[in-house]
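Notebook open, structure loaded. I want to jot down what I looked up, chain by chain.

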Amino acid sequence: MTDQHEMEESQHHVVSPMIYIIIGGSLLVLTGLTVFASFLELGIFNPIVALAIACVKAVLVVLFFMHVKYSSKLTKLTVFCGLFTFIALIGMTLMDYFSRAWGRW
Amino acid sequence: MSDSTRVAHGTADSLHTGGHEEHPAYLRHHFENVEQQADAAGFAMWLFLLTEVMFFGGMFTAYLIYRNWYYPAFVEASHQLNVVWGTLNTAVLITSSFTMAMGVWCAEVRKQAGLVLCLVLTFILGLAFLGIKTVEYKEKIEKHHVPGFHYSLKSFTNPQSDPEIYKEYHDKPLGVDMARHTEIYFSLYFAMTGMHALHMIIGIAILGFMIFRARAGAYTSGHVTFVENFGLYWHFVDIIWIFLFPLLYLISRHAN
Amino acid sequence: MSSTIVVLPDQSTARIPKVNFITKENGILSWLLTGDHKRIAILYLISITFFFFIGGSLAGLIRLELLTPQSDLMATDTYNKVFTMHGIIMIFFFLVPSVPATLGNFLIPLMLGAKDLALPKINLLSWYLYMAAGILAIYTMATGGVDTGWTFTTPLSTHYVNTNVLTTGLAVFIAGFSSIFTGLNFIVTIHKMRCPGMTWFRMPLFVWAHYAASILMVLGTPVLAITIVLVALERTIGIGIFDPTKGGDPILFQHLFWFYSHPAVYIMILPGMGVISETISTFSRKRVFGYTAVAFSSVAIAVFGFFVWAHHMFIMGVSNYAVLVFSLLTMLVAVPSAIKIFNWTFTLYKGSITFETPMLYTFGFMGLFTIGGLTGVFLGASGTDIHLTETYFIVAHFHFVMVGGMLMAFLAGIHFWWPKMTGRMYPEKISQLAAVVTFIGFNFTFFPQFILGTLGMPRRYAAYPPEFQVLNVFSTAGASILGVGYLLPILYLTWSLKYGEIAGDNPWQATGLEWQIQSPPLTENFPITPIMDHEAYDYDWLEKKREKEVTLVG
Amino acid sequence: MSHISPVLWQFLVKWMTTFALFPPEASKIAPQMDALLFFMVLVSLVGLVIVILLVTTFSILYRRSRHPIAVQIEGSTLLEATWTIIPLGLFLIMFVWGALLYFRIYTPPANAMNIYVVGKQWMWKAEHPGGQHEINALHIPIGKPIQLTLISQDVFHSFSIPAFRVKREAIPGRYTTVWFEATTPGTYHLFCTQYCGTNHSAMIGDIVVLTPDGYKQWLAESTSGMSLAQNGERLFASLSCNACHNARPDARGPNLANVYGAKLALNGGGTVLVDEAYLRESILNPSQHITQGFAPIMPTYQGQISEDGVIALVEYIKNLKSDYRVEQTLNTTDLLPEGEGKAAPGSAAPAAASSKTARPETAPKGVVKP
């Protein structure tokens, strides 16, 4: 059971400021990177790169700023659930829209 | 299975008074001990963030669909956004996220002065973000790019009429029908950034309240739950922006 | 051997405990500002009953109008408003909060051996949100109502009606947050507040069902919220996202709306299933057959429930591929319900069954829910959906599941836990009568509608071709019986508050933790934190416990 | 008996005479739909009977007075597997069968006769290829597959013919299609089943199924003189579409001859199949898809042409089988003509003379059948 682990791990693992500084810095660098990339002509890859970088940044924030890396399984599971449903909503809806273009049988 | 172990030392009807020894003032009556209370609060916060994710999820879905349908309109409309302001805002928000994280750390290691400083910085950066957003909104209002309020297609049907954008991207004029779809882009732009800004405003209000409590030393006595949970909220708002920025500003910036 | 399991204390000596959560404090404020989950549950119970009777009387009006083929009792406009408000009130203000906010609120902490829900203030807040939303809904009804249908279909709701769409939308929005907070509270409580020894697989199935429903509430409702916001923006300033003339797609609204509103029906039914698991076990003195299967089927319903929403849109021109996928998933989500039904049935096997009122309602539930569920498959199969959807077949199916299923379960639960909540028994004979009347009235009301649907009578019609009249008359006649069936409990339950027999701690000899404490319980529920050292529904443990008590007394 | 209560008596008689469980089967698909429905009803009944039987038997056998001590049973994986797998199997059968039916109903055959239906609050307007218009009624012959191309002018509507077991939503801004082949002459119900506002319940009509001869006769006496395509041609001219869409080498717009059913190459790559939906889209949102080799100069006609007008134009372009002169000067690449030979109007070449009188509003009204 995820939450029994919670009981033990509930003493907060205090993250050292050094990590925060590193993460904050890399986030700023990535921001610059994504802006730079958007001025290149990458065709189909423009949105892919942009979203990839955004995802990396989001993961960094979630793992370190939001302490998920050091949190209980339950928290990790919760984050995963949110992601899962979010993707279900977007994926299943877009599935309809894209397959509409394929026309009839 | 810590439960089973606990059951092991404790027969059916033995008094079980788990963690009733020390009673901090902030321990609510219905919790066994501080850890349980902190866990519960943190977990609740995460669940609340889940609802927030789904709340924005609806708008992201709409955005993705219309971006695929009306790509040209979305590209030219996005050229109306000032990428410099956007990048600056992203930097501001990330920094504020960083100061917030530092604030949580200060609270955990009970540095009151540091905590107050971090909160104030976060507060200021949050305001700065909103300030920049206001500037951007003002631009849109002046150009009549607010859906529903005398929305004007001029910049898209005739890009030359909008020199500073034109010299940068040399956009081709859109057909009227496609130009009309820029209104959907701006609807989504205002809906998403507006909803995000609303979250910022709420966050800043709470920050103001927290700064006072922090100066009274409320969070540096070991009870850091509130600061931590607010941190989670603030970082979440940051994450939303991390996605809004490339989706709205950086669709395709290379001059075509 | 007696044909009842009810064991009441000697009425001449028995007293309601002097100190309990009701007598603890007095004065209206002690209720309006309470953090006690039991008091909030009572508040919810009162307000929900109120809304149920508003929605019910609207239903009565609908049935009266449909007595004759012409729209003669009221104008079509009025009729449209009536069925819209019936839908909105019954779904958002009765069905969604019914079991969770009343019984769930009252019982989950008791069943888990906790002192309260994890977030008492949030719990109270959710009640206030609910009331605010409810009052707003009543207000919109008083000031002209709304006639979009409870589905707010765009572009009708955004461009083509001039009724109170915005205020109603706001009401639904607020109600949505009320249910988000309830669900959030339950999940946290179930994860964090279980007493020592209360492992996941020792929890009563009632809690499992609420856990599943809460997940749906927390993850589904926000999508409804944002959808309503977008509709409001579309209606006020015309942002064009749902407006075909501006290049928007009204089908997108359907997607977003049903992403919540289909899981919503599981939010409504799952807690009811939880109630049934409790009653059927208690009244057959048996552990629920295949505990884990029932527990996991609840979770399975919650998970699959998120992937079937587009079966509401089969004839709306979604892509064929989407139709295939969603239709298949719909078939899969039907299976866990089947599992539950059979597991409950086999719980009776080699049991020792008695037929008190909650059990009668339970039987009613099993029969009607089976019909409701199976007819759901008719609509999930894409082919037959074409003929049956948007007709009275849908109406009948939905009411079999919701009224025949959920409402029966709700009444079963209310009767079952009434002694725990009030400390007094309800009058057995008349309540059994009420249960039977409800069952008969229900079938009279809604079974003809299946035939009407197959014959093609469209729903939401104020006037209909005369050949449909006979069946409609049957339906209306049944509705009047049903009305009596629902009025009776109100009367005798209120009566029992003063004159009912003293129930004692555990009139049913049930095993749940909530039955091992005084009724009505203390404000802090458990004077000492209990320790769960046995499985759920362990009747042998109960026997031993009682023997020990007897010897202690002797 | 009748002296007891004449009302009740009438009521019972009425019931006996009009009682039915299924609507008449008046289309080819209807028996197939009913077959599946009966199968489902059968399965449901069996399932229900099993549950009821078990519950009653157990209640009798194991009632407390007869069976005072319950026997605790954990459960039985075997049993649970059984009642997981058997329902699953049955449901999957229903899924496959249902899906087959679904695609049969929504995939019109190539030789189907196309009738356009426009839904608006609160009436149905049917437009036959021959130019016959009718309101809240639809006359069709038996034995001929009929394809309906539906669109709504305002809100969602739903075109439902219970006797045919078909139903399809009419959606604003998009064509949807459904088809059927009537088998028995007669008059059947037409309902709007998607709630569409105040007079939703008045948005009903008659489906009149005629014998082929009867249909011919009806066509003859209710013709408006001009076919749908001819209306379209007038509209085409009056909007001076032919200013650009002419066969000349220097034409600013692609030639529309034989364009229907072709695969067009688009600017910026990709091809698109030209069907009704595409034609409608390119009239209202021309910049959405630009045919290869052309500039996005066409103005949008959104809000200038009623749905009826668009339909007329679409029908005109569909039937535009042009003379060979244009073939050489076609600017559209790999044009493979495969438009089906339908009742094409006499002259197809764009009439240069544009009669400004023919606005879409004053497009010839059809004979309104009550």
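I started with contact range in chain A: of its contacts with a separation of 6 or more, 59% are between residues 24 or more positions apart. This is a predicted model, so I keep that in mind throughout. I then looked up the secondary structure of chain A and got 4 helices and 0 strands, in the order α-α-α-α from the N terminus. For burial, I noted that 31% of the 105 residues of chain A count as buried.

Next, a helix pair in chain C. I checked α5(C), residues 120-142, against α7(C), residues 165-192: the angle is about 160 degrees and the axes are 8 Å apart. Anything over 145 degrees counts as roughly antiparallel, and α5(C) and α7(C) are therefore put down as roughly antiparallel. I have their crossing as left-handed. On the α5(C) side I listed contact residues including L125(C), L129(C) and L136(C); on the α7(C) side, I174(C), F177(C) and F181(C) are among them.

Last, chain D. I found an open sheet of 5 strands with mixed pairing, ordered β4-β10-β9-β6-β7. β4 and β7 of chain D each have a single partner strand, so one side of each has no neighbour in the sheet. On average, I see neighbouring strands turned by 20 degrees against each other, direction ignored. Strands β6(D) and β9(D) run antiparallel, joined by 2 bridges, and I spotted F159(D) opposite C192(D). Helix α4(D), residues 212-221, packs on this sheet and touches β4 and β10 of chain D; I noted about 130 degrees between the directions of α4(D) and β4(D).

Definitions and conventions
Residues numbered from 1 in each chain as written. Chains lettered and ligands numbered in written order. Predicted model: local features only at pLDDT ≥ 70, side-chain atom pairs only at ≥ 80, totals over all residues. Axes fitted to C-alpha atoms, helices over the stretch in contact; angles between N-to-C directions. Parallel < 35°, antiparallel > 145°, perpendicular 65-115°, else oblique. Left-handed = near helix turned anticlockwise from the far one by under 90°. Contact = placed C-beta atoms within 7 Å. Buried ≥ 20, exposed ≤ 12 C-beta atoms within 10 Å, placed from the backbone. Pairing = 2+ DSSP bridges.
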